[in-house]
Amino acid sequence: MSEERSGANILVESLIRQGVEFVFGYPGGAVLPIYDALFGEERIRHILVRHEAGAAHAAEGYARSTGKPGVVLVTSGPGATNAVTGIADAFMDSIPLVVITGQVPTGLIGSDAFQEADTVGISRHCTKHNYLVKDPADLAGVIDEAFEIATTGRPGPVLIDIPKDVQIATAAWNDAPVQRRQRYAPRTRGATEEIEQAVAMIAAAKAPILYTGGGVINSGPRATALLRDLQTKTGAPVTSTLMGLGAFPADHGDWLGMLGMHGTYEANMAMNQADLIVCVGARFDDRVTGRLDAFAPNSKKIHIDIDRSSINKTVRVDLPIIGDCAQVMEQILDAWGSRKPQDLTAWKARVDTWREKKSLSFPANAKAIMPQLAIQRLFELTKDKDPIITTEVGQHQMWAAQHFHFFGPNKWLTSGGLGTMGYGLPAAIGAQCGNPDSLVIDIAGDASIQMNIQEMGTATQYRLPVKIFILNNEWMGMVRQWQELTYESRYSNSYSDSLPDFVRLAEAYGWKGIRIASESELDAGIQEMIDYQGPVIVDCRVHNEANCFPMIPSGAAHTEMLLYGDAVAGTMDDEAKALV
Amino acid sequence: MMHIKHEAEERHVLTVTVDNEAGILAKIAGLFTARGYNIDSLTVADITENHAVSRITIVTHGPPSQIDQIHAQLERLVPVHKVVDLTEVGPFVQRELALVKVSGTGEKRVEALRVADVFRAKTVDTTTSSFVFELTGAPDKIDSFVAIMRELGLVEVGRTGVVGMIRGAEEA
């Protein structure tokens, strides 16, 4: 049956049709008709954030922890521009979002109207696709396609800009499925000859390594299971990027830990010395490769990726396979059959010698809590609860990646590509919405947490029991570390002056605040946090000048890792300084 | 109940003279998309000996007020030297080039060649069962040629988009 409905109404009905449970948003003039359509709507829960960046990050946290697309609703102009950081973050980390932005009425577009911004123009480079809808009759089709584009192929954010008059004007609506042109069909299956070649290369390898990334997580739980099968069949040791942590269980004997700039010695040495790298859903990011001309010099490389443009972007590979990680791994496993890998005893013995470096070890400190120890204790005391961990960006993020361990996908939510400080708290809020019974902890730094600290109010309002565990060293620790290592300890603007009293801040928002000032209080403080039913901030005072090691300095090769205790020069040549 | 009213739209041909630098084309295209209007055709080529200056011809359609606004916005871009709305300024010539591939045998093939001759198209490629014709002219001439060829075995069409120039002795 067909009837006339307003654009706002069509939008809400379309979201419900897509199975949307939560919308993260903030109202404003140009989305008032949509907010009116949401009024009293019980099929969708709207989570009112405190800043639009928080809406986008919360939607990301929801998406990463549930595998479902996150939905954002913000107004025109500043609403949209505030959301851009979160949209760019989702774009870099391939997170499916559908972002609805209000726009000034069609007749005023381009006139510098109040709260007007060229949202489609501004978001062009940080969305997978975007739309300006000028007629409510187009809305149902656009929304349907937006969800398909956001969630299939390489996932990413899709933005729909809807002028206010289009929200109010009416168009025909009916309950039948949307009829639209199918124009997006990413390739998901590897070609048979590519699969056969991959199998032959893996079967011939004497020193293979599986290098996995966020693509395995994005591909869904089936990919995680298939990765374990592939590892069992081939015997290859496994390392992962920051984004891929959790795809392979951290207690497995062939797990090497994370690779890259702050990865383990064994992971980076194994990458350097391997004769075959099988890259599954990772993209040879600069944090991973270190100096490109010294990256894995003697290896053949297979690259499985759903995005053609990721292939040969920085590192040339011998065998690209374009397709979905799960699909391609399944094809490889089918083609592998009952084959036996080469004898990898010698290779694994070499790996074990690298493990003996114990590259994640750190010196004990009698006076102050070592931040690494705080993470280790947090892990030990929470691991039985299978928590969801989010982070901000900086030293604490790397320490969490090194010392917290993951056993399944969708438990580790961190801003990898864009490196967005302020990601962790809103992401934790989104994750808690999607996983109401899970323990959700934002591991934060004293500087990062202040970037979206207003979202504490959101958690209070919706009674979300998120925990913030701040490693408080009174510095922008990673900036301070780089300044120490490359700028002769000239600490320009990296001191966190005028920090708030986090415990009292927690109380002001109706949260619980806990301060941990010495190692003797560490376990009890963490336990108190876990046991408290509502939201908690833990202000964990840690050693102020601890550095994050191991570290591959900018412009260095995997074999030139710095470990704790290595003599570190206080400067660097200009070419190295110029690298990111 | 409210429905969206669409303003009457006009076709306009604009020429834009710009510094030949990276990003300028994206900025210009952005002025149109930011207002939700499409560019119908766009041609760009550098026109000075040192390759420093390009002339862009844009065909667009939209409400006259929007086109006037886009004109003004174009002039505001730093690398833009001059914008002329040929449709406003007065009589102008416009030409585009098309390559039209037709395949067929027998009477249709003969007819295609005959029509091509009428339109003064050049045959630039041929096999025993196909032609590629090159045709220049105003857009409506090319439209009619393509329409006829559609009945005679049209395979594909490529068009350059319009370049335009004001009539008479003066520079626009």
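I began with helix H8 of chain A, residues 192-204, in this predicted model.

I then asked which residues of H8(A) are buried. I noted A:Glu194, A:Ile195, A:Ala198 and A:Ile202. Looking down the axis of H8(A), I saw that these buried residues fall within an arc of 100°, so they line one face of the helix. For background, I wrote down that an α-helix has 3.6 residues a turn, so residues three or four places apart point the same way. On the face of H8(A) turned away from the buried side I found the exposed residues A:Thr192 and A:Glu193.

Next I looked up what covers the buried residues of H8(A), and my list of covering elements from chain A includes the strands S9 (208-212), S12 (276-280), S13 (300-305) and S14 (319-322), together with the helices H10 (221-234) and H13 (325-336).

I turned to the domains of chain A, which are assigned as domain 1 (2-174), domain 2 (192-355) and domain 3 (371-548). The centres of domain 1 and domain 3 of chain A, taken over C-alpha atoms, are separated by 30 Å, and 25 residues of domain 1 of chain A are in contact with 27 residues of domain 3 of chain A. On the domain 1 side of this contact, strand S2 (22-25), strand S3 (45-48), helix H3 (52-66) and helix H4 (78-92) of chain A each supply at least two residues, and H3(A) gives the most, with 11 residues.

The contact takes eight residues from domain 1 of chain B and six residues from domain 2 of chain B. On the domain 1 side, the elements giving two or more residues are strands S1 (10-19), S2 (39-46) and S3 (53-62) of chain B, and the largest share, three residues, comes from S2(B). I classed the residues of that side as four nonpolar, four polar and no charged.

Last, I checked helix H4 of chain B, residues 107-118, whose 12 residues should span 16 Å at 1.5 Å a residue; its end C-alpha atoms are 17 Å apart, which agrees. After H4(B) comes B:Arg120, and I noted that its phi is positive, near 55°.

Note on methods. Residues are numbered from 1 along each chain as its sequence is written. Chains are lettered from A and ligands numbered from 1 in the order in which they are written. This is a predicted model: local features need pLDDT of at least 70, side-chain atom pairs count only at pLDDT 80 or more; totals for chains, interfaces and linings use all residues. Helices (H or I, at least four residues) and strands (E, at least two) are DSSP runs, numbered from the N terminus. The expected span of a helix is 1.5 Å times one less than its number of residues. A residue is buried if 20 or more other C-beta atoms lie within 10 Å of its own, exposed if 12 or fewer, and partly exposed in between; C-beta atoms are placed from the backbone. The arc is that of the directions from the helix axis to the C-beta atoms. Two residues are in contact if their C-beta atoms, placed from the backbone, lie within 7 Å. Ala, Val, Leu, Ile, Met, Phe, Trp, Tyr, Cys and Pro count as nonpolar, Asp, Glu, Lys and Arg as charged, and the others, Gly among them, as polar. Domain bounds come from an automatic or database domain assignment.
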